[in-house]
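Please open the model in your viewer and keep the selection tool at hand. The stops below say what to select next and what is to be found there.

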Amino acid sequence: MPASPSTARAINDRLALRLLQQQGPLTAGQLKQLTGLSRPTVADLVERLAAAGLIEVVGEAGEQRRGPNARLYGIVADRAHLAALDVRTEGVAVLVSDLVGRVLAEASVPIGDDTGTGTAVEQAVSLVERAVKEAEAAGAPPRAGERTWGRLHTLGIGAPGLIDPATGELRDSSGLPEWHRRLVAALQERFPDARAHVENETNLAALAEQREGVARDRDTFVLLWLGHGTGAAVVLDGALRRGASGGTGEIGFLPVPGTDGLPSATDCEGGFHSLAGSVAIAELAREHGRTARAHADEPVAVALVRAAVAAVDAPDPGADAAAAARFLDALADRLALGVASVVAVLDPGCVVLGGEVGQAGGEALARRVATRLRRMAPLPTEVRPAVLGGGAVLRGALLTARDAAQDDLFGTAPGTPGVGPA
């Protein structure tokens, strides 16, 4: 049956908004060309979306084409603000953006192991509050009747541990500080009008690498997170796989040869974490006589791997290059154990070495892991270094928040049956 006029308008409005989201500002003529709609239909939808406060004129296309047909329409970016959080065991980072992802404020705070739960939660919430206020000051002034504070529409939160697939809540996990679980509730209390979306940090890193990073051409791949700890994110046929309990990718618990024991249900020591976590990599480096000075707030393994890659890639390599190569070879031996296990079960065709360590290792480390993987696994698999590194979690959290906010706000477009102008 043909769509009713109201349904057709809703479909057209959603299509136009999605194009403006993906491609940026467009003229009415470009919208006509991309949608295949008639000129009057495009004119009507532009008028509806502008009246609803969803789009506005943001400029003109070309110096020689003045007039209505040259007007560039874009999404009203300040219609809503988004907050993205990267929650680590040692601190929190936050960025606040407008609706199209333009970053308006960024901040971070370290939280020590000896910090009490209540104090840690308040430090993190206050950090977000300050960033939101800074973003409001940097954005456009509020329109008549609009509450400035109410612009924070969505929170995207990335955290280590298991996310309950039924409730979307962070589950109680051994080894993680209590303030992690308390933080989400505290944020929702401080920002009652904002919707919170919590996701495992490694899953968000995979989303960012797929949308903006090294896996843009892949709909099936695994991201191996290498930072303070280890983890994996599994993307199959374009969909993120979380598992029955939200635990897909807990690769730190994977039993592997070369450790002093076996992991337990409450402790990943003895598993792959004991070979590939930052502390284990630092110990491996010491065995090979490697030292390096880490930057503030980064795992020491990052500095060690970065220095080794620099020595190997130096224009005039010397004795240090040979020692650095032996260290990278030994590290690749370890990483290949975990990668080969994942490949044997999932056959992803591509493994991304993510996190700060994966980015620091670059092509030099990825190439070594790939060489060993070819000897261990019969399934053809690319090994790629991540390009977003540790920043991938924040980017993934922002992308998640932006998608959720746009779906919600675009769903209130005036063409949607039964819903009036937003």
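pLDDT is the predictor's confidence in each residue, on a scale from 0 to 100. Colour the chain by this value to begin: the average is 88, and 91% of the residues score at least 70. Then select residues 415-422, where the pLDDT is below 50, although this stretch has 17 contacts in the model beyond near neighbours in sequence, a contact being heavy atoms within 4.5 Å. Where pLDDT is low, the predicted coordinates should not be read in detail.

The model is predicted, so local features need pLDDT of at least 70 and side-chain atom pairs count only at pLDDT 80 or more, while totals for chains, interfaces and linings use all residues. Residues are numbered from 1 along each chain as its sequence is written, and side-chain values use heavy atoms, with hydrogens and water left out.

Next, select helix H1 (residues 5-23) and helix H2 (residues 28-35), whose axes come within 11 Å and cross at roughly 110°. Helices (H or I, at least four residues) and strands (E, at least two) are DSSP runs, numbered from the N terminus; axes are lines fitted to C-alpha atoms, for helices over the stretch in contact, and angles run from 0 to 180 degrees between N-to-C directions. H1 and H2 are therefore roughly perpendicular to each other, the class for angles of 65 to 115 degrees. Show the side chains of Leu15, Ala16, Leu19 and Gln23 in H1 with Leu31, Leu34 and Thr35 in H2, which make the contact.

Move on to helix H4 (residues 117-138) and helix H5 (residues 178-190), which pack at about 45° with their axes 9 Å apart. That angle makes H4 oblique to H5, the term for whatever is not under 35 degrees (roughly parallel), over 145 (roughly antiparallel) or in the perpendicular range of 65 to 115. Among the residues in contact are Val121 and Val125 of H4 and Trp179 and Leu183 of H5.

Finally, select the open sheet of five strands, ordered S11-S10-S9-S12-S13 with mixed pairing, where two strands pair if DSSP finds at least two bridges between them. Strands S11 (239-241) and S13 (382-385) are at the edges with a single partner strand each, so one side of each is left without a neighbour in the sheet. From one strand to the next the twist averages 25°. Strand S12 (residues 350-354) pairs with S13 in the parallel sense over four bridges, and Cys350 stands opposite Glu382 in S13.
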